[in-house]
Amino acid sequence: MSQSTATPIAAPAVQVPVVPLLQLGTWVVFFGLLAMLAIFFVSADQGAISLPAGNAVHEWVHDARHLLGYPCH
Ligand SMILES: [Zn+2]
């Protein structure tokens, strides 16, 4: 048996970026509103108050509605 003569490879230095939490407030509000809009369209939209008339949005999110267990048909 021969002994391994490989030298250990030095890991490169990694610098973790610092994320200032106070500057994320605007993005948290924006994506929160976006998420609430998406949840509304998936869960409650039946075409009555949608911008496009009819059931277009309902049909687009129909599978997601069933996946999340919202009553549909
Ligand atoms: Zn359905």
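This is a short talk on the predicted model of one protein chain.

Some ground rules. The model is predicted, so local features need pLDDT of at least 70, side-chain atom pairs count only at pLDDT 80 or more, and totals for chains, interfaces and linings use all residues. Residues are numbered from 1 along each chain as its sequence is written, and side-chain values use heavy atoms, with hydrogens and water left out.

Confidence comes next. The chain has a mean pLDDT of 81. That score is the predictor's confidence in each residue, from 0 to 100. Of the residues, 84% reach 70 or more. Which element has the lowest mean pLDDT? That is helix α2, residues 56–60, at 79. Helix α1 has the highest, at 90.

Now the fold. The chain has three helices and zero strands. Along the sequence the pattern reads α-α-α. Helices here are DSSP runs of H or I with at least four residues, strands are E runs of at least two, and numbering starts at the N terminus.

How much of the chain is buried? Of its 73 residues, 12% count as such. Buried means under 20% relative accessible area, exposed over 50%, and partly exposed in between, with a 1.4 Å probe and protein chains only. The chain exposes about 6700 Å², and carbon and sulfur atoms supply 70% of that area. The areas come from the Shrake-Rupley method with a 1.4 Å probe; for residues, only the protein chains shown count as cover.

Contacts, then. Take those with a separation of 6 or more: residues 24 or more positions apart account for 16% of them. Contact means heavy atoms within 4.5 Å.

UniProt, in an unreviewed entry, lists residues 24–42 as "transmembrane region". UniProt positions are given in the numbering used here, feature names are shortened, and annotations may be inferred rather than shown by experiment. Over residues 24–42 the model is 95% helix and 0% strand. The end C-alpha atoms of that stretch are 26 Å apart.

Aromatics next. A search of the whole structure finds four aromatic pairs. In Trp27 and Phe30, the ring centres are 6.1 Å apart and the planes sit at 85°, so this pair is edge-to-face. The cut-offs: rings of Phe, Tyr and Trp (its six-membered ring) pair if their centres lie within 6.5 Å; planes under 30 degrees apart are stacked, over 60 edge-to-face, and the rest tilted. Why are Trp27 and Phe30 about one helical turn apart? Because they are three residues apart in helix α1, residues 25–43. Trp27 is exposed, at 51% relative accessible area. Phe30 is partly exposed, at 41%.

Trp27 also pairs with Phe31, and that pair is stacked: 6.0 Å centre to centre, 25° between the planes. These two are four residues apart in helix α1, so about one helical turn separates them. Phe31 is partly exposed, at 49%. Trp27, Phe30 and Phe31 form one aromatic cluster.

His62 lies in helix α3, residues 62–68. Is His62 buried or exposed? Buried, because its relative accessibility is 19%. Its side chain makes a polar contact with the side chain of His66, at 3.0 Å. A polar contact is a pair of N or O atoms within 3.5 Å; within protein, one must be able to donate a hydrogen and the other to accept it, and residues adjacent in sequence count only if both atoms are side-chain atoms. Not counting residues up to four places away in sequence, His62 touches Cys72 and His73.

Last, Tyr70. Tyr70 sits in the segment after α3 and is partly exposed, at 31%. Tyr70 and Ser43 are 27 residues apart in sequence, yet 6.1 Å apart in space, C-alpha to C-alpha. Leaving aside neighbours within four places, Tyr70 is in contact with Ile39, Val42, Ser43 and Arg65.
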